[in-house]
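Me: Please take a close look at one helix for me. Keep it brisk, and tell me how the terms are defined.

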Amino acid sequence: MAFADRVVASARSWIGTPYRHQASLQGVGCDCLGLVRGVWRELYGAEPELPPAYQPDWAERGTDDALMAAAIRHFGPALPREAMESGDLLLFRWRPGMPAKHAGILSAADRFIHAYEQAAVIESALVPSWRRRIAGVFRFPDTI
């Protein structure tokens, strides 16, 4: 199985996990970062770092782009949008100039898996309203 297929299979195994802020436990609860953390653990073992406590409105409180900085630290430089492939990490920002606040994993050219607030981990269509909010595309490293 190709590495990207393993990433997508891992993310799909989280579908239906309820949304829980700051959680990262498959079948019990997670937020969007918790989903990415859980996939990382399945692929590599231990997480490279644990996130500090954060409030639901953390990205609205300042200009620090913590999610983007963490992605660059652990995945490497962002890729061009045109290069995105299944298995890539997508970061989203709600408005230009604001920090990235949401994460998902591309599962097909037009679909992604993410933890949706007040719902669960779902696979959604990557419709234009989502596409225009993509702030960064990152490839899971083959090895760490």
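Reply: In helix 2, the buried residues are C32, G34, L35, V36, R37, G38, V39, W40, L43 and Y44. Buried means under 20% relative accessible area, exposed over 50%, and partly exposed in between, with a 1.4 Å probe and protein chains only. So ten of the 13 residues are buried, and helix 2 is mostly covered. Helices are DSSP runs of H or I with at least four residues, strands are runs of E with at least two, and both are numbered from the N terminus.

This is a predicted model: local features need pLDDT of at least 70, side-chain atom pairs count only at pLDDT 80 or more, and totals for chains, interfaces and linings use all residues. Residues are numbered from 1 along each chain as its sequence is written, and side-chain values use heavy atoms, with hydrogens and water left out.

Now the length. Helix 2 covers residues 32-44. From first C-alpha to last it reaches 18 Å, close to the 18 Å expected at 1.5 Å a residue. That expected span is 1.5 Å times one less than the number of residues.

Next, the two ends. D31 caps the N-terminal end of helix 2. One of its side-chain oxygens lies 3.3 Å from the backbone nitrogen of L33. After helix 2 comes G45. The phi of G45 is positive, near 100°.

An α-helix has 3.6 residues a turn, so residues three or four places apart point the same way.

Definitions and conventions. A polar contact is a pair of N or O atoms within 3.5 Å; within protein, one must be able to donate a hydrogen and the other to accept it, and residues adjacent in sequence count only if both atoms are side-chain atoms.
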